[in-house]
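Good morning, colleagues. I would ask you to look at the structure on the screen while I take you through a selection of its features.

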Amino acid sequence: MSPSTALAQSVNTTFADLAFLDAEPDHVRPGLPKPGQVIAIEFLHPLNGFLIDHLTAATKQVIIENIHGVGWEELSGSQIDDCLMEVVNVLAGNFLSLVVTGPEKHALSLPRVLYDESTFAASDDRGEFYFTVHDE
């Protein structure tokens, strides 16, 4: 399976299973991401790379509220961050399971909340993919 197909399937499955949301690829770039919080995770084995997840504030809120079953304002900042990091962790695991077949184990870093992407070097083979998220 191609990486872009695997990513689309992983995003859709992860958002549907964890947050009851429908996520579908969108080929329109929404403009430059606003500065602010992003969630990142690195692939360590058998692939080397990373996944950086930019979410709008509204998408973050609906994910958190759907997973926790309570309003955004009732949760602490650490509960919100932990939940978003777990979503990215599951997403990355789902992606690796589709891209890498066979008995090889996957290794990922711990997900991190970042305010600056400079930790991750820009490269020519870096892909950008966009999704639209809807309530199911």
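A search of the whole structure, which is a predicted model, finds one aromatic pair. Rings of Phe, Tyr and Trp (its six-membered ring) pair if their centres lie within 6.5 Å; planes under 30 degrees apart count as stacked, over 60 as edge-to-face and the rest as tilted. Phe43 and Phe95 form this pair, and they are stacked, at 5.5 Å centre to centre with 25° between the planes. Phe43 belongs to strand S2 (residues 38-45) and Phe95 to helix H3, so the pair ties together parts that are 52 residues apart in sequence.

Residues are numbered from 1 along each chain as its sequence is written. Local features need pLDDT of at least 70 and side-chain atom pairs count only at pLDDT 80 or more, while totals for chains, interfaces and linings use all residues; side-chain values use heavy atoms, with hydrogens and water left out.

I turn to the overall architecture. The protein has three helices and six strands, and along the sequence they follow the pattern α-β-β-β-α-α-β-β-β. Helices (H or I, at least four residues) and strands (E, at least two) are DSSP runs, numbered from the N terminus. Of the 136 residues in the protein, 31% are buried. The protein exposes about 8,100 Å², and carbon and sulfur atoms supply 54% of that area; accessible areas come from the Shrake-Rupley method with a 1.4 Å probe, and for residues only the protein chains shown count as cover. Among contacts between residues at least 6 apart in sequence, 71% join residues at least 24 apart, where contact means heavy atoms within 4.5 Å.

Next, the helices. How do the axes of H2 and H3 cross? The axes of helix H2 (residues 57-68) and helix H3 (residues 77-99) come within 10 Å and cross at roughly 90°. The two helices are therefore roughly perpendicular to each other. For the angle classes, under 35 degrees counts as roughly parallel, over 145 as roughly antiparallel, 65 to 115 as roughly perpendicular and the rest as oblique. The axes are lines fitted to C-alpha atoms, for helices over the stretch in contact, and angles run from 0 to 180 degrees between N-to-C directions. On the H2 side, the contact is made by Lys60, Ile63, Ile64, Ile67 and His68, and on the H3 side by Gln79, Ile80, Cys83, Leu84 and Val87. These residues divide into seven nonpolar, two polar and one charged. In this scheme, Ala, Val, Leu, Ile, Met, Phe, Trp, Tyr, Cys and Pro count as nonpolar, Asp, Glu, Lys and Arg as charged, and the others, Gly among them, as polar.

Helix H1 (residues 3-19) also meets H2: their axes come within 8 Å and cross at roughly 50°. H1 and H2 are therefore oblique to each other. Phe15, Leu18 and Ala19 of H1 make this contact with Thr59, Ile63, Asn66 and Ile67 of H2. By class, there are five nonpolar, two polar and no charged residues.

Some individual residues deserve attention. Val88 lies in helix H3 and counts as buried at 1% relative accessibility. Leaving aside neighbours within four places in sequence, Val88 is in contact with Ile39, Ile41, Leu51 and Asp53.

Is Lys105 buried or exposed? Lys105 counts as exposed, at 69% relative accessibility, and its place is in the loop between H3 and strand S4 (107-108). Apart from neighbours within four places in sequence, Lys105 is in contact with His45 and Pro46. The C-alpha atoms of Lys105 and His45 are separated by 7.6 Å, although these residues are 60 apart along the chain. His45 and Pro46 are themselves joined by a cis peptide bond, with omega about 0°. Pro46 is found in the loop between S2 and strand S3 (49-53).

Finally, I would point to Phe20, in the loop between H1 and strand S1 (21-25). Phe20 has a positive phi of about 55° although it is not a glycine, and is partly exposed, with a relative accessible area of 48%.

Key. Buried means under 20% relative accessible area, exposed over 50%, partly exposed in between (1.4 Å probe, protein chains only).
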